[in-house]
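Reader: Before the terms are used, please tie each one to its cut-off. I would like to see how each conclusion is reached.

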Amino acid sequence: MVKKDAKLRLIRWVLLLQEFDFEVKDQKGTKNQVVDHLSRLEETEKTKEDLEINDAFQDEHLLEISSTSTPWYADIANFLVSGLIPEELEAYQKKYFLRESRKYYWE
């Protein structure tokens, strides 16, 4: 990772990646034809000077996902932990629920 004419952006990436041990494995175009073809396509709309590089790492941003509905496995997990069958189920639904819950275990 030595380059004499390095730009500041490249130097930043080099410094950030120095703490990791990694190896770049390159395949010849004959072995990886799809990627080779995509790398040779030219983009006519934008020139290389117009392209901006996003320097932000995803780890720098915390995202929150919220959901109002309970997951599909909530009743099964509650049954495996406590042994309680949901009360709103009818007889045939309880039978199906017990049969389906046999596929899972609580560790």
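Author: The buried residues of helix H3 (residues 74-82) are Ile76, Ala77 and Phe79. This is a predicted model, where local features need pLDDT of at least 70, side-chain atom pairs count only at pLDDT 80 or more, and totals for chains, interfaces and linings use all residues. Residues are numbered from 1 along each chain as its sequence is written, and side-chain values use heavy atoms, with hydrogens and water left out.

Reader: Why is H3 called roughly perpendicular to H4?

Author: H3 and H4 pack at an angle of about 75°, with their axes 10 Å apart. Angles of 65 to 115 degrees count as roughly perpendicular (under 35 roughly parallel, over 145 roughly antiparallel, the rest oblique), and therefore H3 is roughly perpendicular to H4.

Reader: Which residues make the contact?

Author: Asp75, Ile76, Phe79 and Leu80 of H3 and Phe97, Leu98 and Ser101 of H4 make the contact, which means heavy atoms within 4.5 Å.

Reader: How do you know that Glu100 and Lys103 form a salt bridge?

Author: Their side chains meet at 3.1 Å, N to O. The rule asks for a side-chain nitrogen of Lys or Arg within 4 Å of a carboxyl oxygen of Asp or Glu, so the pair qualifies as a salt bridge.

Reader: Is Lys103 buried or exposed?

Author: Lys103 has a relative accessible area of 57%. Exposed means over 50%, buried under 20% and partly exposed in between (1.4 Å probe, protein chains only), so Lys103 is exposed.

Methods. Helices (H or I, at least four residues) and strands (E, at least two) are DSSP runs, numbered from the N terminus. Axes are lines fitted to C-alpha atoms, for helices over the stretch in contact, and angles run from 0 to 180 degrees between N-to-C directions.
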